[in-house]
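My entries follow in the order in which I made them.

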Amino acid sequence: PQIPLYITKTAEDRKGNLWLASREGLIKWYPDHQEVKVYKGAVKQAADIDYIFDIAIDNNDIIWVGGSGDALAVVAEPPDFLTETYTQAPPYLTSNEMIWSIWAKKNGVWLGTDKGLVVINKESQTSATVLPEELALNDSIYKVDELDTSHVLLSTTNGLFVVHKETLESQRFAQWTQGEDSLENKVIFSSYLDPQIKGRWW
């Protein structure tokens, strides 16, 4: 295909794909499939290179790019076994990337982080952050478990919290159970549902 961009340099990797340096960013061309992929913002965001003027691929198939800004960067593609990633970059724009715990269902992923609970909606490709009222910004969520069909249980550095899966409303575990203790100000690294005694958590 024709590429209507100003190309300054071309290099070929071991698989026969062409890497092109341009003012629009880094471009990868798959000749076998006639497919073009443009990494427009990725290089700028990760390496602070505004325009790519030169590119080289060494004997180890490592890609080196140079240009304006921080001048030189090493580029690596995501491995083939990664089907999707959730980061602070578009489209998901997650609020935090320090992940302590993961709980997943069919259409979403729930991430326990250093700055609240990040809820990923895979259908809309969006994310939302839930910070329970009594959980401070410097608290962490170490474990996310399914509590029942409508709620998840959060084990945190400030006790236990419950979050509704649909409305994302949160409350202390004691409020949800109508009990007296949510282990406030206690660090909870993990929680475990007793398989023998219904409703008991360790």
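The entries below begin with conventions and then go through the structure by topic.

**Conventions.** I am working on a predicted model, in which local features need pLDDT of at least 70 and side-chain atom pairs count only at pLDDT 80 or more, while totals for chains, interfaces and linings use all residues. I number residues from 1 along each chain as its sequence is written, and side-chain values use heavy atoms, with hydrogens and water left out.

Entry 1: I took helices (H or I, at least four residues) and strands (E, at least two) as DSSP runs, numbered from the N terminus. I called two strands paired if DSSP finds at least two bridges between them. Strand 2 pairs with strand 3 in the antiparallel sense over five bridges, and L18 stands opposite W29 in strand 3. The two strands form a hairpin with two residues between them.

On strand 4 (residues 35–39), I found antiparallel pairing with strand 3 over five bridges. Y30 has E35 in strand 4 as its bridge partner. The hairpin of strand 3 and strand 4 has four residues between the strands, and Q34 there takes a positive phi near 55°.

Is strand 3 enclosed or open to the outside? I used buried for under 20% relative accessible area, exposed for over 50% and partly exposed for in between (1.4 Å probe, protein chains only). Six of the six residues of strand 3 (residues 25–30) are buried, so the strand is largely enclosed by the rest of the structure.

Entry 2: I then looked up an open sheet of three strands, with the order 5-6-7 and antiparallel pairing. Its edge strands are strand 5 and strand 7, each of which pairs on one side only. The twist averages 30° from one strand to the next; the axes are lines fitted to C-alpha atoms (for helices over the stretch in contact), with angles from 0 to 180 degrees between N-to-C directions. Strand 6 is joined to strand 7 by four bridges, and the two run antiparallel. G66 stands opposite L72 in strand 7.

An open sheet of four strands has the order 8-9-10-11, with antiparallel pairing. Strand 8 (99–105) and strand 11 (126–130) are the edge strands, each pairing on one side only. Here the twist averages 20° from one strand to the next. I noted six bridges between strand 9 (residues 108–113) and strand 10 (residues 116–121), which run antiparallel. T113 stands opposite G116 in strand 10.

**Entry 3: nonpolar cores.** I defined a core as a set of buried Ala, Val, Leu, Ile, Met, Phe, Trp, Tyr and Cys residues joined through side-chain atoms within 4.5 Å. The largest has 14 residues, of which W19, L26, I49, I52, I55, I63 and V65 touch the most other members. The elements that give two or more residues to this core are strand 2 (18–22), helix 1 (42–47), strand 5 (49–57), strand 6 (63–69) and strand 7 (72–75). Strand 5 gives the most, with three residues.

I checked the contacts (heavy atoms within 4.5 Å) of I52. Leaving aside neighbours within four places in sequence, I52 touches T8, A21, S22, R23, G25, L26, V43, V65, G66 and G67. Another core, of 12 residues, lies apart from the largest one and includes W110, L135, V152 and F161.

**Entry 4: aromatic pairs.** I counted rings of Phe, Tyr and Trp (its six-membered ring) as paired if their centres lie within 6.5 Å, with planes under 30 degrees apart stacked, over 60 edge-to-face and the rest tilted. A search of the whole structure finds six pairs. Y142 and F189 are stacked, at 5.1 Å centre to centre and 15° between the planes. Y142 lies in strand 12 (residues 141–146) and F189 in the segment after helix 2 (173–177), so the pair ties together parts that are 47 residues apart in sequence.

W100, Y142 and F189 form one aromatic cluster.

**Entry 5: N158.** I found N158 in the loop between strand 13 (151–156) and strand 14 (159–164). N158 is buried, with a relative accessible area of 9%. A polar atom of the N158 side chain lies 2.7 Å from the backbone nitrogen of N185. Not counting residues up to four places away in sequence, N158 touches E134, L135, D139, R172, L183, E184, N185 and K186.

Key
A polar contact is a pair of N or O atoms within 3.5 Å; within protein, one must be able to donate a hydrogen and the other to accept it, and residues adjacent in sequence count only if both atoms are side-chain atoms.
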